[in-house]
Amino acid sequence: MVQTLPAGNGSFSKFDRIIADLTDTGFSICDNFISPLLVSNMALEARTLHKRGAFRHARVGKGASMQLRPEIRNDRVLWLDPENPTAVQRPYFLDLETLRKEINRNLYLGLFELEGHLALYPPGASYAIHLDRFIGSMERVVTCILYLNNSWQNEDGGELKVYEGNEPSTLPLPLQVLPHGGRLVCFISELFPHEVLPARRDRLSLTGWFRIRS
Ligand code: OGA
Ligand code: MN
């Protein structure tokens, strides 16, 4: 089942919860994965970088076939170097490294490295239904999306909408997830087609993909 229990209940850590969900359904929502203070600091830093012009219009596809397709996605992204996070981002990247090792220890996925970007969706921006694993590519195995929007309201929209893929699922799909600050959504990349619905506020996130060696 999809549960949104706060992280760190009793002796069951936020990592245990995510591993249990990934094992059970392939999909996990973990609220308060990082503290509200860290959300604020990461959001402030992302906005500062955006104001300085560090973000670019997101592209779709890979390698030589990368192209601007605003009708598919019109967010702005800043690709990150997971080996060199900023001081503000470091605690989150350390948590992701713990998560990677826990997933490998429990699910034997052989996750090897991370790629990631900050994404800013201006009001009205969206990302049409897609899978995170490129056709003909084995690389992206687990998607991790951390939202950086404090005091997000239902009316603000911007839901992540998750659909049933080729595999039957016990989840109540389609599912809509609001991008609340500190919420981490994690899923097996190839299982769930998903889209981002338009919001009426700027919508900030840090999306990461754990990859296997290609
Ligand atoms: C993506 C994506 C979802 C979200 O960047 O591939 O699907 O909720 N993001 O930001
Ligand atoms: Mn995606």
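A polar contact is a pair of N or O atoms within 3.5 Å; within protein, one of the two must be able to donate a hydrogen and the other to accept it, and residues adjacent in sequence count only if both atoms are side-chain atoms. What you're looking at is a predicted model, where local features need pLDDT of at least 70 and side-chain atom pairs count only at pLDDT 80 or more, while totals for chains, interfaces and linings use all residues. Residues are numbered from 1 along each chain as its sequence is written, chains are lettered from A and ligands numbered from 1 in the order in which they are written, and side-chain values use heavy atoms, with hydrogens and water left out.

View 1. Asn149 sits in the loop between E6 and strand E7 (160-162); helices (H or I, at least four residues) and strands (E, at least two) are DSSP runs, numbered from the N terminus. The Asn149 side chain reaches the backbone oxygen of Pro179 at 2.9 Å. A polar atom of that side chain also lies 2.7 Å from the backbone nitrogen of Leu204. Asn149 is buried, at a relative accessible area of 2%. Here buried means under 20% relative accessible area, exposed over 50%, and partly exposed in between (1.4 Å probe, protein chains only). Setting aside residues up to four places away in sequence, Asn149 touches Val39, Pro179, His180, Gly181, Arg201, Asp202, Arg203 and Leu204, where contact means heavy atoms within 4.5 Å.

**View 2. Ser151, in the loop between E6 and E7.** This one is also found between E6 and E7, but Ser151 counts as exposed, at 60% relative accessibility. Not counting residues up to four places away in sequence, Ser151 touches Asp156 and Arg201. Its C-alpha atom is separated by 9.9 Å from that of Pro179, 28 residues apart along the chain.

**View 3. The manganese ion (ligand 2) and its donors.** Which residues coordinate the manganese ion? They are His130 (NE2), Asp132 (OD) and His194 (NE2), at 2.1 Å. Donors are N, O and S atoms within 2.8 Å of the metal (3.2 Å for Na, K and Ca), and water is not among the atoms, so sites may look incomplete. Along the chain the donors follow the spacing H-x1-D-x61-H. His130 is buried, with a relative accessible area of 14%, and Asp132 is buried as well, at 5%.

**View 4. Ligand 1 and its surroundings.** Around ligand 1 you'll find His117, Tyr127, His130, Asp132, Ile145, Tyr147, Leu160, His194, Val196, Arg203, Ser205 and Trp209, each with a heavy atom within 4 Å of it. An oxygen atom of ligand 1 is 3.1 Å from an N or O atom in the side chain of His130. For the side chain of Asp132, the distance from an N or O atom to an oxygen atom of ligand 1 is 3.2 Å. A polar side-chain atom of His194 lies 2.9 Å from an oxygen atom of ligand 1. Taken alone, ligand 1 exposes 290 Å², and the protein buries 99% of that (areas come from the Shrake-Rupley method with a 1.4 Å probe; for residues, only the protein chains shown count as cover).

**View 5. The largest nonpolar core.** A nonpolar core is a set of buried Ala, Val, Leu, Ile, Met, Phe, Trp, Tyr and Cys residues joined through side-chain atoms within 4.5 Å. The largest has 37 residues, and Ile34, Tyr92, Leu99, Cys144, Leu148 and Leu184 touch the most other members. Elements giving two or more residues include helix H1 (14-24), helix H2 (36-51) and helix H3 (90-107). H3 supplies the largest share, six residues. A second, separate core of 13 residues includes Phe27, Ile145, Tyr147 and Phe187.

**View 6. H1 and Glu102 of H3.** In H1, Lys14, Phe15, Arg17, Ile18, Ile19, Asp21 and Leu22 are buried, and their cover includes strand E1 (27-30), H3 and E9. Glu102, found in helix H3, is buried at 18% relative accessible area. Leaving aside neighbours within four places in sequence, Glu102 is in contact with Phe15 and Ile19. The Glu102 side chain also makes a polar contact with the side chain of Arg105 (3.0 Å).

View 7. Most residues other than glycine have a negative phi, and most peptide bonds are trans. Asn32, which is not a glycine, has a positive phi of about 55°. Leu173 and Pro174 are joined by a cis peptide bond, with omega about -5°.
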